Amino acid sequence: ASLLALGCGAAAAEPLVPGQEIKVCGQMAEWPPYLYFKRENGQRSEELVGYTIDYLQRSLAPHGLRYKFDALPWKRCIELVNRGLYDMLTDASYNPSRERSYLITKPYYALQLVYFYDKARPKPDIRSSADLKKYRVCTINGYNYAPFGLKLEEIYARSPGIDTRSRPLGRAWRDSANASAASTSPASARA
């Protein structure tokens, strides 16, 4: 995953100066060990910790920069960075569209991609990412599924019979997840 910064935020409007605060957003869903809420006596606190927070601190502090981190729904975080209301987002994976819109750091971690399927059903015959197109796949709205060989229009279709006008969905569903546990080699598809 990488840090992404857009050229229209406050941090990009002028050269950065020591003491400046960078507005950063990231996914509100916890993803230990990268980003999660610290636990005190087993109870979740409001303090975000993890490798992503450590990386931000180590990247910005030597330049005298401060940051304010807000955990938001992923799609909202992306949109607010695009509008210039945030300067940077975290834990994002590379795709060509993001390269056109953002300044992208080198990856600061990588993940091994895997498929999960429901063991109560017959095991799907998936030998490559192209085989996923034969199945209904569950996804998270705004995530990058290019490493799986899936196109955006194949991912963000709503399930028949679900009225999305009555309430906003935090996830875009194609239906239920039926992917095999076979792994792939591309870096992170997370964000």
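A disulfide is a pair of cysteine sulfur atoms within 2.5 Å. By that rule, this predicted model holds one disulfide. Residues are numbered from 1 along each chain as its sequence is written, and side-chain values use heavy atoms, with hydrogens and water left out. In this predicted model, local features need pLDDT of at least 70 and side-chain atom pairs count only at pLDDT 80 or more, while totals for chains, interfaces and linings use all residues.

**Figure 1. The whole chain and its elements.**
Five helices and seven strands make up the secondary structure. Helices (H or I, at least four residues) and strands (E, at least two) are DSSP runs, numbered from the N terminus. Along the sequence the pattern reads β-α-β-β-β-α-β-α-β-α-β-α. The chain has 191 residues, and 39% of them are buried. Buried means under 20% relative accessible area, exposed means over 50%, and partly exposed lies in between (1.4 Å probe, protein chains only). A contact means heavy atoms within 4.5 Å. Of the contacts with a separation of 6 or more, 68% come from residues 24 or more positions apart.

**Figure 2. Confidence along the chain.**
The pLDDT is the predictor's confidence in each residue, from 0 to 100. Its average over the chain is 76, and 73% of the residues score at least 70. Over residues 161–190, the pLDDT is below 50. Beyond near neighbours in sequence, this stretch still has 96 contacts in the model.

**Figure 3. The disulfide of Cys25 and Cys77.**
Cys25 is joined to Cys77, with an S to S distance of 2.1 Å. The link is right-handed, with 90 degrees about the S-S bond. It connects distant parts of the chain: Cys25 sits in strand S2 (residues 21–27) and Cys77 in helix H3 (residues 74–82), 52 residues apart. Both Cys25 and Cys77 are buried.

**Figure 4. The buried side of helix H3.**
Which residues of H3 are buried? They are Trp74, Cys77, Ile78, Leu80 and Val81. These residues lie on the same side of H3, because they cover an arc of only 165 degrees around the axis. The arc is that of the directions from the helix axis to the C-beta atoms. An α-helix has 3.6 residues a turn, so residues three or four places apart point the same way. After H3 comes Gly84, with a positive phi near 85 degrees.

Strand S3 (residues 36–40) pairs with strand S4 (residues 43–49) in the antiparallel sense, over four bridges. Two strands pair if DSSP finds at least two bridges between them. Phe37 has Leu48 in S4 as its bridge partner. Two residues lie between the strands of this hairpin. Asn41 is in the turn, and its phi is near 55 degrees, a positive value in a residue other than glycine. Is Asn41 buried or exposed? Asn41 is exposed, at a relative accessible area of 83%.

Most residues other than glycine have a negative phi, and most peptide bonds are trans. The peptide bond from Pro32 to Pro33 is cis, with omega near 5 degrees. Pro33 is placed in the loop between S2 and S3. Asp91 is not a glycine, yet its phi is positive, at about 60 degrees. Asp91 belongs to strand S6 (residues 88–92). Its relative accessible area is 0%, so Asp91 counts as buried.

Side chains of opposite charge can pair when their charged atoms come close. A salt bridge is a side-chain nitrogen of Lys or Arg within 4 Å of a carboxyl oxygen of Asp or Glu. How many salt bridges does this rule give? The count is eight. One of them links Glu79 and Arg83, with the closest N and O atoms 2.9 Å apart. Glu79 is partly exposed at 36%, whereas Arg83 is exposed at 57%. Another links Asp118 and Arg121, where the closest N and O atoms are 3.8 Å apart. Asp118 is partly exposed at 34%, and Arg121 is partly exposed at 38%. Arg127 also forms a salt bridge with Asp125, its closest N and O atoms being 2.8 Å apart. Arg127 is exposed at 72%, while Asp125 is partly exposed at 38%.
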